[in-house]
Amino acid sequence: MKHIPYSDYPDVLNAEQLAALLGISRAGAYQLMDRADFPTLHIGKRKLAPKDKVLAWIDRQTMT
């Protein structure tokens with residue numbers, strides 16, 4: 001898989017983009033998006049994650 005620079009990702013990520021950004025499976029991205037503490041935006045049936053909030057979430061997870 002080709003590495004995409006962080007700045008090239010859109011500001012709001014779908015599950016496929018989140019998976020690529022984090023280096024996990026698409027199913028893993030959906031599992032993250034289902035967590036209560038993960039920053040997920042629900043629009044209808046779509047699940048999206050704001051890129052800046054994902055990075056803040058990662059920071060919080062690594063501080064503990």
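**View 1. Crossing of helices H1 and H2 in the predicted model.** The axes of helix H1 (residues 15–22) and H2 come within 8 Å of each other and cross at roughly 105°. Axes are lines fitted to C-alpha atoms, for helices over the stretch in contact, and angles run from 0 to 180 degrees between N-to-C directions. H1 and H2 are therefore roughly perpendicular to each other (65 to 115 degrees; under 35 counts as roughly parallel, over 145 as roughly antiparallel, the rest as oblique). From H1, Ala 15, Glu 16, Leu 18, Ala 19 and Leu 22 meet Arg 26, Ala 29, Tyr 30, Leu 32 and Met 33 of H2. By class, the residues of this contact are eight nonpolar, no polar and two charged. Ala, Val, Leu, Ile, Met, Phe, Trp, Tyr, Cys and Pro count as nonpolar, Asp, Glu, Lys and Arg as charged, and the others, Gly among them, as polar. Helices (H or I, at least four residues) and strands (E, at least two) are DSSP runs, numbered from the N terminus. Contact means heavy atoms within 4.5 Å.

The model is predicted: local features need pLDDT of at least 70, side-chain atom pairs count only at pLDDT 80 or more, and totals for chains, interfaces and linings use all residues. Residues are numbered from 1 along each chain as its sequence is written, and side-chain values use heavy atoms, with hydrogens and water left out.

View 2. Three strands form an open sheet in the order S1-S3-S2, with antiparallel pairing. Strand S1 (12–13) and S2 are the edge strands, each pairing on one side only. Helix H3 (residues 51–63) packs on the sheet and touches S1 and S3, its direction making about 70° with that of S3. S1 and S3 run antiparallel and are joined by two bridges; two strands pair if DSSP finds at least two bridges between them. The bridge partner of Leu 13 in S3 is Ala 49.

**View 3. The hairpin of S2 and S3.** S2 and strand S3 (residues 46–50) run antiparallel and are joined by three bridges. Ile 43 has Arg 46 as its bridge partner in S3. Two residues lie between the strands of this hairpin, and Gly 44 in the turn has a positive phi of about 65°.

**View 4. Surroundings of Thr 40.** Thr 40 is in the loop between helix H2 (26–33) and strand S2 (41–43). Its side chain reaches the backbone oxygen of Met 33 at 3.0 Å. Not counting residues up to four places away in sequence, Thr 40 touches Met 33, Lys 47 and Leu 48.

View 5. Leu 21 lies in helix H1 and, at 22% relative accessibility, counts as partly exposed (buried is under 20% relative accessible area, exposed over 50%, partly exposed in between; 1.4 Å probe, protein chains only). Leaving out residues up to four places away in sequence, Leu 21 touches Tyr 6, Tyr 9 and Leu 13. Pro 5, in the segment before S1, is partly exposed with a relative accessible area of 38%. C-alpha to C-alpha, Pro 5 and Leu 21 are 8.8 Å apart in space and 16 residues apart in sequence.

Terms used: A polar contact is a pair of N or O atoms within 3.5 Å; within protein, one must be able to donate a hydrogen and the other to accept it, and residues adjacent in sequence count only if both atoms are side-chain atoms.
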